[in-house]
Amino acid sequence: MSLIHTLARLEATESGRAQPLATVRHRHLAERPLVFVPLTTAGEAGAPLGALVGTDRHAPRLLVVPQPRDRDLRFAFLTDLAEVVLPYVDGFAGDTETAERSTTDPESGKRVKVEVELCTDAPQLLVPSRAGLEFVRLLGRSMRFRRTAEQDPDTPYPAPARVPLLGRWLTHFGERARVPGSALLMAMTDLLSRHWAAGQSSLEDQHLGALLAWIDPPDGASGASAAREAELARDATGQLRCPPAGPATDPAFDNRLLAPAIERFDRARTALAAADDGVTADRRLAELTTAEREIRDLVASRTRPTWDAMWRGIDLLRGLPEAPRDGDRWTRDRWSYTGHRDRVLAGEPPQPRRDDAVTAANKLSARETAQARLEAQEALDDPLVMAGRRLSGEAFAGEVTEVAMAYSDSKRPSPRPLVTFRTADRPHLGERTKVFRDLAGKPQSAEFVGYADESEDAAAGAAGTGAGSSTVVLRLLDKMGRGKEPEAGSVPEPGERVCWTLFEHAPRGGPGLPEPEDTPWTHGGPPATAAEQPDRTTAEDVL
Amino acid sequence: MTTAEDRVNPAPEPFDPAAEAGRATDAILHDTLHGTSRGVVVDSPPGAGKSTLVVNAALRLAGAGRPLMIVAQTNAQVDDLVLRLAEKDPSLPVGRLHSSDPDPYDRALDDLEQVRKSAKAGDLAGLDVVISTAAKWAHVSGTDPWPHAIVDEAYQMRSDGLLAVAGLFERALFVGDPGQLDPFSIVGAEQWAGLSHDPSASAVTTLLAHNPQLPQHRLPVSWRLPASAAPLVSDAFYPYTRFRSGTDHGDRTLRFGVPSDGSGPDRVIDEAAMSGWGLLELPARHTPRTDPEAVRAVASVVRRLLDRGGATTSERTTDPVPLTADRIAVGTAHRDQAAAVRSALAELGVTGVTVDTANRLQGREYDVTVMLHPLSGRPDATAFHLETGRLCVLASRHRHACIVVCRAGVAELLDDHPSTEPVQLGVTVKFPDGWEAMQHTWDVWSNHRVPMRT
């Protein structure tokens, strides 16, 4: 946690209100996100109990598995989920623009530009918390290898038609969510805690109700007490007033309400199966319907508060202006979406269980680049974030006091002006440290030459002990045009205030890696190419 | 150098470091030059002559007419290797592949005629030895594979870094120190934990997971660490692959012309000069990372080291050598701590002393080091601060003495924070863990404790 972040948390604790960590919204928020509030059953990994899902805050679709251990009912739930999610996801597939993408020409081996389709917008899934992200991954994993009767007539328990496809999409969303700054699938608690610091630990921030209470407490209440209320308050029957955002449910709810309701449902179902005449069957069917409705009501009662909290969170985030560089990141999300759309259309097999060496290395490298890019973009977009970087010595803002013209030693001397700044920040500048500033959207680089008054400023400037300001001399290195004289506006003038960063503005990606089929001997050689088989059915799969 | 005769008539003395090291080196070179496996792995404790081995192996491979590429991790390491190769064999044509940034290599290389420098691998084709960083090699493509490679600091290289360059060579010698800092990634990589090709693991981990039959050697003697330090570093950080010091007690001395003034810094300097270790203990207190008192204590120890006219003797020289600023280093865990120490030193008028974090001190060697203990003043012991490699690097850079500056209370802090790293299936548990190494070193250093009187 950075110093400024710690300070914000302390101020939140003291004032009882969450403190802003950002002045703009650093994550893309779609116009029409799909909100997904899933619940899971205790005791079995990945057994959904129900969900509220939809794009209309006033009309969520309630999906319930009355007996979560029943595989047929689970498939019915997943089919219903696919009916909501897939049309939403597919809804963005048709609207495309033409974009250029560089690729290696298979014949010449050269990099060439090709025109490809890029979807103009992409779907966005929002879940309440990080556990929700994991649940999306788990659902994806549990579905994508399933076979439908159409794909494989011999499969013993064929999945409903669209379920494997839903699994592939959820897997894609879950994997994309691991890329820093991506917005195809996000957790509301992450979104909120990126923009506000509550006076509690980051672990406690994972409670959506408590986090919202800190950010937007009910009238007159302090955020701290509202958060405690959200976490702990129970009604007369011992149930939490603010049910956890899930997917795990409160044990008191499981034991006192859910388990008896499921048991009634089971009894009603057994009784219906045993009915031997039409009249009895009708009556018992009515009982079964009642039992099912009870469970539906229970699930609705636990998901609806979270559903409303999700939309409150969306409202709060929409109150922040969009960060200028967010569009760049969303474009990358659109590429990701378009890419997966194309893979599905091309009939490629589902994502493998485990990444091969090259895929894993490519993902890691892409995420590290994305992380560095995100950190740079957030700082450039937001003075409050930049303040944190300045405080930690990774950037400094200063006023130009002097500009002295100088030239490089080459045959055709280029301008290398020396610019002197007075700054109150204390950047970690070493010999010839490179620094960057934003010049009309492009980074201009300079190198640190020295402190103007070595004896006084070096000590004060280097870090920490001295107060006051120091005088930094930089040599500008580029973006001054080709001529002998720098282009107008490319050299800061005395009196101008400039913010320099020690980090790059557009970090480059790592080097290219071999193709998976060229995986070297050090990494086990090329991976097996055969498509993966679905998991075999075990005794535990058929209870 | 060992001969067949040595094996028939083993030396009567219990331990002859030169002979032991020679035997290990011979076995390594034999496997490298004549072995049949595609790789050879060499584990080297701190200062065990890793660079010497790399240079020797390079010369032997080049001498055998086998063109060679060398992969190091940083430009400083690459330049250092080029200079060492040139020193050993001035006639050997060496290629230095460098980046296209300004000032990509050490200017000293310009004085060497036999060293060709280029940013393009094609320009260096045909040279006996071509050296560059892993990052630069990763951008090379379209060349014929080299018959042989040496990968230096392979434990500090990430698995994905090796993946990018492994296609460039057919066989390789991997050399590195398993006790130093593991490579890290700035994003989570738990997703791949336990996979044999986890891209965030070290290159050697991945290599051995896929090729468990590769011959593994280790260098048994540390020439850097003095006899006072080798047993502790070996016990605490290499408990299953012990090593010895190449020198004995008394082979090296550190003496000061100016007597102690009785202050904490002077007394801890004397303790360290005598025993090889010194612990300057400040009163227990929770502090920010850049604890001003501890930083000041570090700076005054360095100031006094220089003021008291220190001189060292060692097996390398006959006459005492003055202890100068360039032979002293200060190591910290965090960059802001290093920056704070630098400015405190500047205030005391000290220049020329290296101050850096453990990450950047890896592979470097000094006569005396002063270390700000990673747990000093902390209210908690996180995985970062408990990392074995970090402490190992800080405690193994010196030839004569190491002075630890720390707030009291480390033992209690450790007791309060047993290590609780999540267990990942399929991941080999590293021994010793940082917690154990911290306890062990703290135990020993406590015997060299000097309280700081304020």
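The structure is a predicted model, in which local features need pLDDT of at least 70, side-chain atom pairs count only at pLDDT 80 or more, and totals for chains, interfaces and linings use all residues. Residues are numbered from 1 along each chain as its sequence is written, while chains are lettered from A and ligands numbered from 1 in the order in which they are written.

Chain A is assigned domain 1 (21-203 + 325-353) and domain 2 (383-501); such bounds come from an automatic or database domain assignment. The centres of these domains of chain A, taken over C-alpha atoms, are 44 Å apart.

In chain B, 6 strands form an open, parallel sheet in the order β16-β15-β17-β18-β12-β19. Its edge strands are β16 (354-357) and β19 (449-451) of chain B, each of which pairs on one side only. Strands (E, at least two residues) and helices (H or I, at least four) are DSSP runs, numbered from the N terminus, and two strands pair if DSSP finds at least two bridges between them. Strand β15 (residues 328-332) of chain B, for example, is joined to β17 (residues 366-372) of chain B by 4 bridges. A329(B) has T369(B) in β17(B) as its bridge partner.

Where do the two chains meet? In chain B, 33 residues are in contact with 30 residues of chain A, contact meaning that C-beta atoms, placed from the backbone, lie within 7 Å. Helix α11(B) gives the most to this side of chain B, with 9 residues.

Conventions: Two residues are in contact if their C-beta atoms, placed from the backbone, lie within 7 Å.
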